[in-house]
Amino acid sequence: MSTPIKAKAALISVFSKEGLEPLIKKFDELGITLYSTGGTEKFIKDLGVPVVPVEDVTSYPSILGGRVKTLHPKVFGGILNRQDNESDVAEMKEYDIPQLDIVIVDLYPFEKTVASGASEQDIVEKIDIGGISLIRAAAKNFKDTLCVSSVDDYEEVLELISANEGTTTLADRKRFAAKAFNVSSHYDTAIFNYFNEEEVVYKASYTQGKSLRYGENPHQKGTFFGDFDAMFDQLHGKELSYNNLLDVDAAVNLMAEFQNEAPTFAILKHNNACGLAQRDTLHQAYVDALAGDPVSAFGGILIANKEIDKATAEEIHKLFCEVVIAPSYSEEALEILKGKKNRVLLIQKPIALPNDQVRSCLNGILVQDKDAKTDSLEDLSTVTNNKPTEQELSDLIFASKICKHTKSNTIVFAKGKQLCASGTGQTSRVDALRQAVDKAVSFGFDLKGAVMASDAFFPFPDCVELADKAGITAVIQPGGSIKDQLSIDYCNENELAMVMTGTRHFKH
């Protein structure tokens, strides 16, 4: 039937009762007969609203500890029958099956149970069988049945039913069917991903999509799928753009390397750090980070690993920047930074990030583990006669962390826990090195005594030779080239120290 249908009966079987009361009372007011089970049935009765137990329809009690309640022909016949099919209508009458025009289901909280760290037994018990079956049946028969599959839709359904005296159109029912299949597919994906340990299969489902103003460029459409509010509190500023989100992601991943360390401040542009410093105070860390490249910092993304105080905020306020991220802000700092209308201020919350990285490729996708390896002193193997000093070792690890989060091919220079310059995204490592030298010189850095980090090995000794001539005294690189010895020999002949990590950090 494509004509509007006035509901006469509804089946309600939900886990969460939140927001359900107004809907039940409206159904009662409209004379809609209610059918229910277990806790939902009791909830309806406690509201003083008449309800028919499903057991009275099926002549079977809830069995197997509640695992089987609604799985019965008299229930699913009431949902799946086609009201314009003579045979279906006749069988409904023959077997005394009640017509169910509305089905309201809220599934067991499987994902929340998994996230809570519950036992496998408790998790398995939260795999909804009856509920998911009811959703699929009601959504399939959207021509005759309205399927309400989420607590989030109760308010909309209440408005719909109230405005039309219990009547729904085919368009209404089809729209809610789409919502229902979204719920059911997401639920099944979560269950599969929990159980899967062997199949080389990638399944992902995001139900929270937010349309952005546009994509990377104004002529491209952009959408963010994820729970931004679970990760950040936005205190001020305009709506984030596609490019803002990419830069915020890069900033968060970079600062994770310095999370529990001394005050550290980073400035990013186009996903790369253009300034980063670690100091005794956040104020000094910001000042020295900005000195790394005050030109690129314009319109950048700023991130700190400590609370932003008044003194730091006063310095930041002098710069035009898109976004500032910190674990917290002092009241004075917040007042200062809110002085720019569009400046986005974010508090980052301590939540776990996904372990997978996904990107489209050709006619499919590429999936890989996130690069979770951070080079440490224990990973270093000194391959030259000269051993790095204690200060150089500290700077080498510092530079390596930045290098890991910079677009390949990349070279990073650091000195005294300050980013001096980097060469980013070049087609040759020599070009990356030359770019880094030029930038360092242009911003007045003396590279004598600075260290160099490379995201991959040196195929020839030309890089260490150029670095030596620029003043670099120690180098960190993964090694692995068949010509590693040529670079080592140059370092030995010119008294440079070189350490190898054995780990490449490409970032394409």
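A pocket, on a 1 Å grid over the protein atoms alone, is an open set of points with protein on both sides within 12 Å along at least five of seven lines. A cavity is a set of points where a 1.4 Å probe fits but cannot get out. Lining residues have an atom within 4 Å of a point. Grid points are joined across faces, edges and corners, and a volume is the space filled by probe spheres set on the points. Rolling a probe the size of a water molecule over the atoms shows where empty space is left.

This is a predicted model, in which local features need pLDDT of at least 70, side-chain atom pairs count only at pLDDT 80 or more, and totals for chains, interfaces and linings use all residues. Residues are numbered from 1 along each chain as its sequence is written, and side-chain values use heavy atoms, with hydrogens and water left out.

Start with the second largest pocket. It holds about 500 Å³ of space. Its lining counts 27 residues, and those nearest the centre are Gly66, Arg67, Lys69, Tyr108 and Asp128. Two or more lining residues come from each of strand E2 (9–14), helix H2 (38–46), strand E5 (102–106), helix H7 (120–125) and helix H8 (130–140). Helices (H or I, at least four residues) and strands (E, at least two) are DSSP runs, numbered from the N terminus.

Gly39 has 47% relative accessibility, so it counts as partly exposed. (Buried means under 20% relative accessible area, exposed over 50%, partly exposed in between, with a 1.4 Å probe and protein chains only.) Gly39 and Phe15 lie 24 residues apart in sequence, and their C-alpha atoms are 8.1 Å apart.

Now take Asp88, in helix H5 (residues 86–94). Its relative accessibility is 11%, so Asp88 counts as buried. Leaving aside residues up to four places away in sequence, Asp88 touches Asn81 and Arg82. Contact means heavy atoms within 4.5 Å. Ala352 is 264 residues from Asp88 along the chain, and 51 Å separates their C-alpha atoms.

The whole structure has 2 cavities of 30 Å³ or more. The largest cavity has a volume of about 70 Å³. It is lined by 14 residues, with Asp375, Ser400, Ser454, Pro478 and His505 nearest its centre. Helix H16 (390–404), strand E21 (451–454) and strand E22 each give at least two residues to this lining. H16 gives the most, with 3 residues. The lining of the largest cavity has 4 nonpolar, 6 polar and 4 charged residues.

The second largest cavity has a volume of about 50 Å³. Leu11, Tyr35, Val54, Val57, Lys74, Val75, Pro98 and Leu100 line it. Helix H3 (54–58) and helix H4 (73–80) each give two or more of these residues. The lining of the second largest cavity has 7 nonpolar residues, no polar and 1 charged.

Move on to helix H18 (462–470). Its buried residues are Cys463, Val464 and Ala467. Seen down the axis, they fall within an arc of 90 degrees, so they line one face of H18. The arc is that of the directions from the helix axis to the C-beta atoms. Their cover includes helix H17 (429–442), E21, H19 and E23. Gly471 follows H18 with a positive phi, near 115 degrees.

In helix H19 (residues 484–493), the buried residues include Asp484, Ser487, Ile488, Tyr490 and Cys491. These cover an arc of only 160 degrees around the axis, which puts them on the same side of H19. H18, strand E22 (474–477) and strand E23 (497–500) are among the elements that cover the buried residues of H19. Just after H19, Glu495 has a positive phi of about 60 degrees.

Finish with a strand pair. E11 (residues 264–269) and E12 pair in the antiparallel sense over 6 bridges. Two strands pair if DSSP finds at least two bridges between them. Thr264 has Gln278 in E12 as its bridge partner. The two strands form a hairpin with 2 residues between them, and His270 in the turn has a positive phi of about 55 degrees. In E12 (residues 272–278), 7 of the 7 residues are buried, so this strand is largely enclosed by the rest of the structure.

Terms used. Ala, Val, Leu, Ile, Met, Phe, Trp, Tyr, Cys and Pro count as nonpolar, Asp, Glu, Lys and Arg as charged, and the others, Gly among them, as polar.
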